[in-house]
Amino acid sequence: MDEVSTDSVEDLEKLTSREKNLASPFNEPNIALVFGTSKVYVQRDHLIDVSPVFEAMISSKFLEGSLKEIPLPGKKLSHFIHFLRYLSPGFEDELTEDTVHHMLPLAEEYQTDNLKIRIEEFLINSIRSQSDSITSVQTIKYIIEAEKYEMNGYLNACIAVASRKTFNKLTSSPKF
């Protein structure tokens, strides 16, 4: 079994039954997202509604438009499950430090702007509440993340934290 397949199987085993059941009990899933040997069944229309990238991908102009199963190579199943839960109605999960940083690249890639805004608000509040306990290395990591995903509010909050750090601490970081 290749590495991606093994990761997907292990990811699936770590998921709770609530996380595995993404589909609404009122709708039959009509498309599968494939992660190695694991599949997650979802509603095609829901994907189209929440993401212009899925809309373009699932349209008949692309190969995926005619498929019942869409392979997502390189995507980690558990990360994608959390991403889908935050995009699905009826799930009231709160963003956490454990989920937010791996959902951000997915929100960017699939252009789910509302989720990206929620993530940025969470990150701003998190930075502000933890400002004194954030290390210089973490501060630089967060600044890079904020710049990469063009999150100006998050970037400003990170810069405010960095401005309270000593210059020597910041510049001694390998990521500086």
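This is a predicted model: local features need pLDDT of at least 70, side-chain atom pairs count only at pLDDT 80 or more; totals for chains, interfaces and linings use all residues.

Mentor: Residues are numbered from 1 along each chain as its sequence is written, and side-chain values use heavy atoms, with hydrogens and water left out.

Trainee: What is the confidence of the protein chain?
Mentor: The average pLDDT (the predictor's confidence in each residue, from 0 to 100) is 80, and 74% of the residues score at least 70. Residues 1-6 have pLDDT below 50.

Trainee: Why are α5 and α6 called roughly perpendicular?
Mentor: The axes of α5 (residues 77-87) and α6 (residues 97-109) cross at roughly 80° and come within 9 Å. Axes are lines fitted to C-alpha atoms, for helices over the stretch in contact, with angles from 0 to 180 degrees between N-to-C directions. Under 35 degrees counts as roughly parallel, over 145 as roughly antiparallel, 65 to 115 as roughly perpendicular and the rest as oblique. The two helices are therefore roughly perpendicular.

Trainee: Which residues of α5 meet α6?
Mentor: With contact taken as heavy atoms within 4.5 Å, His79, Phe80, His82, Phe83 and Tyr86 meet residues of α6 including Met103 and Leu106.

Trainee: What makes the pair of phenylalanine 35 and phenylalanine 80 tilted?
Mentor: Rings of Phe, Tyr and Trp (its six-membered ring) pair if their centres lie within 6.5 Å; planes under 30 degrees apart count as stacked, over 60 as edge-to-face and the rest as tilted. Here the centres are 5.4 Å apart and the planes at 55°, so the pair is tilted. Phenylalanine 35 lies in strand β1 (residues 31-35) and phenylalanine 80 in helix α5, 45 residues apart.

Trainee: Why is the pair of phenylalanine 80 and phenylalanine 83 called edge-to-face?
Mentor: Its planes are at 65°, with centres 5.3 Å apart, so the label is edge-to-face.

Trainee: How do you know whether phenylalanine 83 is buried or exposed?
Mentor: Buried means under 20% relative accessible area, exposed over 50%, partly exposed in between (1.4 Å probe, protein chains only). Phenylalanine 83 is at 0%, so it counts as buried. Phenylalanine 80, at 1%, is buried too.

Definitions and conventions. Helices (H or I, at least four residues) and strands (E, at least two) are DSSP runs, numbered from the N terminus.
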